[in-house]
Each structure stands twice: as C-alpha cells, then as structure tokens.
Amino acid sequence: MGFLDIRNVTKSYGQVEVLHRVDIAVEEGEFLVLVGPSGCGKSTLLNMIAGLEGISAGEIAIKGRVVNGVHPSKRNIAMVFQSYALYPNMTVGQNMTFGLEMHGVPKPERDRALADVAKLLQIETLLDRKPGQLSGGQRQRVAMGRALVRNPDVFLFDEPLSNLDAKLRVDMRTEIKKLHQKLKTTIVYVTHDQIEALTLSTRIAVMNKGHVQQLGTPKEIYDTPANVFVATFMGSPAMNIVPAKIVLRDGHPHAALTDADGTLQHLRFSQGNLGAWEGRDILLGIRPEAITDPEGADRKSHNIVALRNRVTVTEPAGADTFVTMTLSGKDAIARMRADANVAPGQVFDFAVNMEKAVAFDPETEQRIA
Amino acid sequence: MSAVTQDTAVSTGRVTRAFIYLVLILFALFYLLPLYVMGVNSLKPLEEITGGNMMALPSTWTLDPWRSAWSTAQIGVEPTGLKPYFLNSILMVVPAVAISTIVGALNGYVLTKWRFRGDTWVFGLMLFSCFIPFQIVLIPMAVVLGKLGLAGSVPGLILVHVVYGIGFTTLYFRNYYAAFPTELVRAAMIDGAGFFRIFWRILLPVSGPIAVVSVIWQFTNIWNDFLFGASFGGTSQPMTVALNNLVQSSTGVKEYNVHFAGAILAALPTLIVYIVAGRYFVRGLMAGSVKG
C-alpha cells in the first residue's frame, strides 16, 4: 500500500468513459508525473485526487484513508494551478495564508508559516504586493508558496510551467526539482511536456485516451517504452519507427530493412528473444541518438552496427546536427555531433547502436523486444 | 514627404475638427434645452410664464415654486407637496435595488461556478422574464400581492420590483462571472472556503464594475416606474405617481412653475446617480468584452 493509492479509478460522464481503471500507488516522497497529450485524462485524474471532480468507480486513498467524497479542503492536499489562481483582490501574504485562515489557524502561527515559506522561496519583499503587480515567474513562486504554507500530505501541480516563457520555464523546472529534493514531499505533477516529465519525475505515468500506457522510472520509459505511443511521445526528436522484417543469420535475429537506394540492409539485434518472429514483419524503434557517425558511437555498447545510407537533409542545431535519411520508405533522424562531416545527398556510413533498439508488434503496437 | 504616423486614432485636419466640435456643441445645447426651460421656469412667478416668454430668464427670481412643490402643493386631495411621496420612493428604491442586486449576484455566482443539471434552462427562463411586458402581469401580480397581504404598501412595491429586476441583474452578473476564472473558485475550495465565503471573499471584491451597472439600471428603472406605482401603490404611492397627480390636476389654476420644480425634483435622484457613477456604468457594460 502506498502513500497515495489510486485503485481502479474510473471516470465517466454519462455513457462516455474518459478514464479507464487507473491503478497507481505513489510512495511517500515520490515525484509522479502524469504526462500525455491533451484530452488523455491526466488533468481529470489530478482533479479527482484533489476532490474537484467525483470518482465514478474505484477509490483514492491518501495515507491509507479513502478520500472518495471527502471535501477538497479536508484531504490535506494543496494544488498549484496552471493559471496560478491567485486571488486578485488580496496581497501575496493574504493569498498565501488564506487557506490557513479558513482552517482556523491563529494569526501568529500563520505569520510564522508565511515567513518560513517566503524565506524559502525568496519572496519576502513581495508579500505586500497584489498579484497584478507581479511578473509571471513571481506569480509562479507565490502559487507554490501558497501550497507550501499549508504543509500538505500531497502536492498537486496542474501544468504549472506552461504559462511561462521558454527560458523561465527551464529555471523554474530546476527550482521545483531542488525544492522537491530539499523537502522530500510527495508530488503529483501533470504536464504535456515530455521533457518536464523526464527531468522532474522519479516515476512517470504516460497516459493516452484515458489509459495509463506505461508506469515507470524515466529511464524505463525512455529505454524500454511499452508501446509505439510511449516510444514516440517521449523524447525529442521522437523515436524512429520503421517497418522491418526479422531474419535469422548465424542464429541471431536481424532487422532487414531497405535503405534510400532500395538496397536491403541487416541490423543485428542484441535481444535474442526475437527468434520466434523469424520471417515476420515488425516495427523497429531506434532513438535518434542511437544513430551516429562511427566516431560518435557509444563506446560502451557491444553492438554497434554499420548502416550505409544516403543523407536527405541536415539540420545543424548548435550542440547537435540532425540528419534525416530514408529507411524502409520512412524518414528517420540521426543525432550527430555538431562537427560531424555530413552533407545532403552524400552516402554516409552511419553507426547504429542496436543495444538501444526496440521492436514492436505491428498489429498491437506493443513492444516485443 | 510627410512623416508616417503610428497614431491609431483617425487623424483629421483643423477645419474638420472645428466642424465636429461645432456639431457636437449644437447637439448638446439642443439636448440641454428642456432642462434649461424647466430650470428657468421653476424659478419665476407664475405670471411671468403665463404672460410672457417661456425661454426668457426670470425677471424676479423666486424659490417659492420649489417650496410649494416640495411641501405645500395639492397632490390629489391633500396639500402635502411631494415630500412624503419622495420618501416613499426612497423607501421603495433602496431596498428593491439592494435586494435585486444581491440576489442577481448570487444567481450569477451559482449559474457560473456551481453549475447543475439544467442550469442553462433556469438561466434561459430568467432571461425570459426580461422580455415580459409590465402590463401582462398586472392582474396576476395584484392577486399575489392581495394573498400575501402586501397590496398598496411599500413592501409590496419592493417585492414587485425585486421580482421584475432579478432577470436583468442575473443576466449582468452571470455574464460577468462567466469570465471570472473558475480555477480561483477551485483554489478557494481547496483552501477550505465554503459557498458563501468564496462569494464574499473572492468574487464580490472584484464585482465593483458590474455592481455599479446593476445598481444604476435598477435604480433608474424602479425610480422612474409609473405603472406598478400607480397600480399597487395604494396609500404609499411613489414620486412618479404623485408628480402625475400634481401635474394632471384638472381643477384650479395650472401652476406651471410648481410643476417644473416638481418634475426636476422627481428627476434629480437618477440624475445624481448617473453623474456620480456614470463612467463606471460604461466601464462595467464593456467589461469582459475587451481583454485587458
């Protein structure tokens, strides 16, 4: 039993089921990120944990207490909203202590809690201002401060960084992570940004169409995605998914695929369990960073396979150069070092790290190896 | 080459501008003419009006018509002046405006932030009440007031005006609160504030502009209402009915100067409300339609 238990939770509006039997146990101090495209049900799930939306079936328990039907204010949770939801008519200080005031905490105690949190977030100088006089980043801090003052069991974040500009978002991301490492609080965080999910979380639940597609650590999600959806949603640029056929050579499974000129090439899998798929079509998944120039290949890998192919486009992006090629009729992207010597139209010797390759069943799109 | 101006306002030449102002001033004078006529004629003795030019300034200035209109003029059969009726109007308008505005605010709050099954229907029906002509409800209203024992009293008039005004005030507040972020209400719920606490502490403090709209609208409508006042006023008739009785008396000399003074007295409160709160009125009506 976890600290926050989501057991077989289902949400339906009338006949339409939008969340299907979600089952997640969150340990104390864990940073769980719910990630998925819009409409996947992640915010609905968060609102159900908060008590802002009813639970159609299943139950949610916080610290072993089932909270179905318990009022949001009595669940000992705090929430940071996407729009920050600061009360415009109150000062920053009043905003942050409003919850304590509503819970009947006496004034001296409120002031002490406020001073502590203001110091932690370095917003002491802002306490007498109105939210309208604050910048986006400051509002974000105040919104977090309001949650921290309550000292809740679980923090809920609903896309808190999506209203900030790109640079500030990266700064605040680091700050949230620091805060979590310092305070060891239990956090459930909703985002549609896969980078936020990978950087912040201790565990990720990737959601799509009301189903949890995969629940695991960032490394598990990134390296061994459960299906094609998770593989392509997490990571940027997305994982290359190309059709291939399994052939056995010297007893080892190989992925046979055609290059840009129609020549058949064979890439040896590290996984041995694909023998049963001999002669059948699969979807081969390779991350862009697993396709490099030979000098840039991972030296620790035991299975670097050469791939000769024609370059269609090169996109220098500062730190990396992205190289596009055609594999089995699909575009595939390779992530090269910035100074890799490669030009469009050129036939280039790529190095593929097949230790990182995965294979999917083309029918079910589930991972098979 | 002329410099390109970044000004977004329509730029006009000096002559055009002078012409525009001239036209505007002429219109303003035209609209102010009745007020001028009322003003000057309420300050002169009756002989000057009957004997001479309505437009001229008084040759003898006097406040007697005002005193008469206020405290001694014959209203119906009693020589009371307009004073008691003015009081009736105040006693009716203040609670009616306050109650209908508060109820409208609560309705708007519920219809946008505590939505329930069929809430759009409820709102639609309330909107419908804005379109019902006064005359249609006179008889059913009389029956209801009679059954409640409120016929011919100030509380009866208050009830009538509150019932009639709720449609409009609900419309105002609903549309205003629809633009109010629901996340704030949710945040307050998590913070532990209840239904009324959220209303009182979170929504009301930012409702200033729309409250002004509601108050002005209700005040002018209720103060200027004649039909309900004449029908259900009984012994507590409002100012409008009394003014009618003063002006329309068919016996004796027509004291035009007193009539003018009375008419100004009747119009004064709405005039003051508009002057004091008028700019908030426009601001409130525009609220939400333009971002920022």
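Residues are numbered from 1 along each chain as its sequence is written, while chains are lettered from A and ligands numbered from 1 in the order in which they are written. Because the model is predicted, local features need pLDDT of at least 70 and side-chain atom pairs count only at pLDDT 80 or more, whereas totals for chains, interfaces and linings use all residues.

View 1. Helices (H or I, at least four residues) and strands (E, at least two) are DSSP runs numbered from the N terminus.

View 2. Domain 1 of chain B covers 14–62 and domain 2 covers 83–286, with bounds from an automatic or database domain assignment. Taken over C-alpha atoms, their centres are separated by 33 Å. Seven residues of domain 1 of chain B are in contact with seven residues of domain 2 of chain B. On the domain 1 side, helix H1 (14–41) and helix H2 (46–51) of chain B each supply at least two residues. By class, this domain 1 side has four nonpolar, two polar and one charged.

**View 3. The two domains of chain A.** In chain A, the assignment gives domain 1 as 4–233 and domain 2 as 240–360. Their C-alpha centres lie 39 Å apart. Seven residues from domain 1 of chain A and six residues from domain 2 of chain A take part in the contact. H8(A) gives the most to the domain 1 side, with three residues. Three nonpolar, three polar and one charged residues make up that side of domain 1 of chain A.

**View 4. A cis peptide bond in chain A.** Zoom in on the bond from Ser236(A) to Pro237(A): this peptide bond is cis, with omega near -5°. Pro237(A) sits in the loop between helix H8 (228–233) and strand S11 (240–249) of chain A.

**View 5. Strand S6(A) and its partner.** Both faces of S6(A) are covered, with Ile77(A) and Met79(A) buried on one side and Ala78(A) and Val80(A) buried on the other. Buried means that 20 or more other C-beta atoms, placed from the backbone, lie within 10 Å of the residue's own. S6(A) pairs with S7(A) in the parallel sense over four bridges (pairing needs at least two DSSP bridges). Met79(A) has Leu156(A) in S7(A) as its bridge partner.

View 6. Tyr84(A) is not a glycine, yet has a positive phi of about 75°. Tyr84(A) belongs to the loop between strand S6 (77–80) and helix H2 (92–102) of chain A, and counts as buried because it has 24 C-beta neighbours inside 10 Å. Glu159(A), also not a glycine, has a positive phi of about 40°. The loop holding Glu159(A) runs between strand S7 (154–158) and helix H5 (166–183) of chain A. With 20 other C-beta atoms within 10 Å, Glu159(A) is buried.

Conventions
Two residues are in contact if their C-beta atoms, placed from the backbone, lie within 7 Å. Ala, Val, Leu, Ile, Met, Phe, Trp, Tyr, Cys and Pro count as nonpolar, Asp, Glu, Lys and Arg as charged, and the others, Gly among them, as polar. A residue is buried if 20 or more other C-beta atoms lie within 10 Å of its own, exposed if 12 or fewer, and partly exposed in between; C-beta atoms are placed from the backbone.
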